[in-house]
Amino acid sequence: MELSDIIKNAIQTTGKHPFLFVGSGISKRYLGTEKWDELLKIFCSEFSGNDFQYNIYENEIDLKDYYGMQPAIATLLEKDYNRAVLTNEKYVDFRAKHREALLNQVSALKIAIAEHLSSATTSNDSSELELFKKLAKRSIYGIITTNYDTFLETLFPHFTTYIGQEELLFSKIDNVGEIYKIHGSVTDPRSLILTSKDYELFEKKSAYLTAKLLTIFLEYPIIFLGYSLNDRNIRNIFSTISDCLSQQKLDKLKNQLIFVEFSADETISCNLIMIKT
């Protein structure tokens, strides 16, 4: 079945246009930004001067860490990076520029990551991006993303953006023309969900977000862009949702979840994700 037919069937079933669930693959494609491990490697090498610092951290963690390898590595990196920024003379300009934030206990690593991702720009002549913009005006209800960057806000300036769980909790949500940045944004470095501790706190406060996602998942087709089917973030979300639903609801839901994955040779494949209990 063609991708267009799959999406059309999902729209006919729900009677609504889809939500997009956008991952790092989209930013990598259109901004040229790094995947999570690539991003951490940049800052591992920067502060230490050692191209193998990432590998050193990798050897120190338990591969069965509950929140996964990258948050565990980020936890080790953040501690060492923050110490380097606060003590090393090569960061004197960084300290001066971000003095207030650093004095208010904002992570130096999160500030540096936010600056790095904020400098990325899109290609102005991308025909794909123009099609993306046209779709948003009439065919997309809203967007959920775990990305930190502001690519989506730039692409869809008429959408309202909500950062983190607290903004979702204390704002009037309409579901139409909105972007939910559930793992934070470069516009607020403190909001970034990066380390194992960040993920732990995120889960402890996730009751409202889970309820919100449940409502969206049950009412709308969801098109996943820029994620791997094995992405731990997505698997954790599906696990939480599956715990809340009966098998009958899961059978209905699985026909509304559509994955679009980009392959290494830039061809596009489409899969329906199967939820198992």
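Author: Helix axes here are lines fitted to C-alpha atoms over the stretch in contact, and angles run from 0 to 180 degrees between N-to-C directions. The model is predicted: local features need pLDDT of at least 70, side-chain atom pairs count only at pLDDT 80 or more, and totals for chains, interfaces and linings use all residues. Residues are numbered from 1 along each chain as its sequence is written, and side-chain values use heavy atoms, without hydrogens and water.

Reader: What angle do α5 and α8 make?

Author: Helix α5 (residues 69-87) packs on helix α8 (residues 108-118) at about 95 degrees, with the axes 8 Å apart.

Reader: Why is α5 called roughly perpendicular to α8?

Author: Angles of 65 to 115 degrees count as roughly perpendicular, under 35 as roughly parallel, over 145 as roughly antiparallel, and the rest as oblique. The angle is about 95 degrees. Therefore α5 is roughly perpendicular to α8.

Reader: Which residues in α5 and α8 meet?

Author: From α5 come Ala-74, Leu-77, Glu-78, Tyr-81, Asn-82 and Val-85. They meet Ala-108, Leu-109, Lys-110 and Ala-112 of α8. Contact means heavy atoms within 4.5 Å.

Reader: How many residues of each class does the contact of α5 with α8 have?

Author: Seven are nonpolar, one is polar and two are charged. Ala, Val, Leu, Ile, Met, Phe, Trp, Tyr, Cys and Pro count as nonpolar; Asp, Glu, Lys and Arg as charged; the others, Gly among them, as polar.

Reader: What makes a set of residues a nonpolar core?

Author: The members are buried Ala, Val, Leu, Ile, Met, Phe, Trp, Tyr and Cys residues, joined through side-chain atoms within 4.5 Å. The largest one has 30 residues. Phe-43, Leu-77, Tyr-81, Phe-94 and Ile-113 touch the most other members. Elements giving two or more residues to this core are α3 (36-48), α4 (53-60), α5 and α8. A second, separate core of 29 residues includes Phe-217, Tyr-227, Ile-237 and Leu-245.

Reader: Which residues is Leu-77 in contact with, beyond four places in sequence?

Author: Leu-40, Phe-43, Cys-44, Phe-47, Tyr-57 and Leu-109.

Reader: Why does Ile-182 count as buried?

Author: Buried means under 20% relative accessible area, exposed over 50%, and partly exposed in between, with a 1.4 Å probe and protein chains only. Ile-182 has 3% relative accessibility, so this residue counts as buried. Ile-182 lies in the loop between β4 (178-181) and α12 (196-204).

Reader: What does Ile-182 touch, leaving out residues up to four places away?

Author: Its contacts are Phe-21, Ile-144, Thr-145, Thr-146, Gly-164, Ile-193, Phe-202, Leu-209 and Ile-237.

Technical notes: Helices (H or I, at least four residues) and strands (E, at least two) are DSSP runs, numbered from the N terminus.
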